[in-house]
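Take a moment with the sequence and the model. The walk starts with one kind of contact, then moves through the protein.

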Amino acid sequence: MNAGIRAVVRTGLYYGLEVFGVMRGYSGMIEDDIYQMNSRSVANIIQRGGTILKTARSKEFYSPEGRQKAYENLKKRGINGIVVIGGDGSFTGAYKLSKEYGIPCVGLPGTIDKDLYGTDLTIGFDTAANTAVQAIDKIRDTAESHDRLFIVEVMGRHAGYIALHSGIATGAENILMPEVNTTLDEMVATLSEQEKRKKLVNLVIVAEGYMPDPSRPHLKGATEITKMIEEKLKGLEIRVTILGHIQRGGPPSCMDRFIASRMGYHAVECLLEGRHDVMVGILHNNMHYTPLEIAIREKQKIGEDWMHIVKILAS
Ligand code: F6P
């Protein structure tokens with residue numbers, strides 16, 4: 001995200017605009033925590049994880065009164081265009097502000113979950129997936145030395161992209177994702193088969209949003225799934241790792257810095273050209289602009305055919 005902020009600030013200044021940073025998203029907009037930025041404000045940040053502007057979830061912004069306060073704070077500084085980095089929640093807020101108060105906005109897709117429609121890549125995904133890969137590679141060493149089954153949970157909220165990418169990149173034997181309807185019985189069957197063939201190293205990557213039985217939504221996550229597998233396959237030695245928030249931090253990858261810089265530049269161009277209320281994405285390596293209403297409503301989905309690839313490659 002810092003690479004995106006840097007690109008927006010420097011492109012805005014290049015075109016002679018005044019650029020302001022809003023701290024903690026809509027909370028800062030309401031609380032008037034807004035400051036003018038110059039080129040030096042974004043020096044030495046491109047390599048840093050997180051965001052120098054910080055982030056927060058603002059309940060107050062859901063209310064018309066909250067948005068009115070935010071608008072007043074923007075108006076008194078003459079702010080007449082907004083770039084928002086985030087996902088569908090952030091875009092919904094920006095879209096409302098634009099419709100209610102006529103302040104155009106442009107969204108940059110910032111989420112490690114990569115589930116936003118209209119872009120092949122989202123800012124943060126590549127770094128998160130690479131962090132997961134590095135961790136899983138290390139886990140594989142123990143899995144192999146001890147002939148154990150490891151179940152590794154990765155983030156993604158309701159999406160399985162981190163699981164899919166990190167699972168394929170680490171040669172995982174099974175990948176469980178919310179988008180693909182794999183039952184535990186199916187998975188256990190592959191494990192038993194592999195055991196018969198003396199393929200004893202098994203890595204199962206579970207997306208945090210995967211539910212083996214959607215009618216029992218509380219049974220999700222690696223810990224619950226492990227209990228269920230243990231009941232079905234007695235005597236198997238299983239270890240669980242939940243990677244958690246390490247996936248959200250650390251120095252961003254080259255790809256993330258690159259796409260965030262590119263998207264940030266184009267966000268400012270959009271505002272200047274009057275291309276308003278869109279999300280700036282990259283599709284097939286070209287810039288792609290999705291109306292915010294669509295970016296909010298639609299999700300990028302994983303096709304079932306991926307499971308076929310996973311199965312062949314892990315055989
Ligand atoms: O949406 C990004 C994400 O990291 C998800 O993958 C994860 O479920 C969630 O945010 C974690 O949120 P929090 O940091 O609030 O626990």
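A polar contact is a pair of N or O atoms within 3.5 Å; within protein, one must be able to donate a hydrogen and the other to accept it, and residues adjacent in sequence count only if both atoms are side-chain atoms. Here is a case. A polar side-chain atom of Glu173 lies 2.8 Å from the backbone nitrogen of Leu203. Glu173 sits in the loop between H6 and strand S6 (174-176). Helices (H or I, at least four residues) and strands (E, at least two) are DSSP runs, numbered from the N terminus.

This is a predicted model: local features need pLDDT of at least 70, side-chain atom pairs count only at pLDDT 80 or more, and totals for chains, interfaces and linings use all residues. Residues are numbered from 1 along each chain as its sequence is written, and side-chain values use heavy atoms, with hydrogens and water left out.

Is Glu173 buried or exposed? Buried means under 20% relative accessible area, exposed over 50%, and partly exposed in between (1.4 Å probe, protein chains only). Glu173 has a relative accessible area of 7%, so it counts as buried.

Now turn to the ligand. An N or O atom in the side chain of His245 is 2.8 Å from a ligand oxygen. A polar backbone atom of Gly156 lies 3.0 Å from an oxygen of the ligand. For Arg157, a polar side-chain atom is 3.1 Å from a ligand oxygen.

Next comes the nonpolar core. Such a core is a set of buried Ala, Val, Leu, Ile, Met, Phe, Trp, Tyr and Cys residues joined through side-chain atoms within 4.5 Å. The largest one has 29 residues. Ile162 is one of those that touch the most other members. Helix H5 (125-146) gives the most to this core, with eight residues. Beyond its neighbours within four places in sequence, Ile162 has contacts (heavy atoms within 4.5 Å) that include Phe125, Val154 and Gln247. A second, separate core has 22 residues, among them Val22 and Met279.

Finish at Ala3, in helix H1 (residues 2-14). Ala3 is buried because its relative accessible area is 5%. Not counting residues up to four places away in sequence, Ala3 touches Ile46, Arg257, Ala260 and Ser261.
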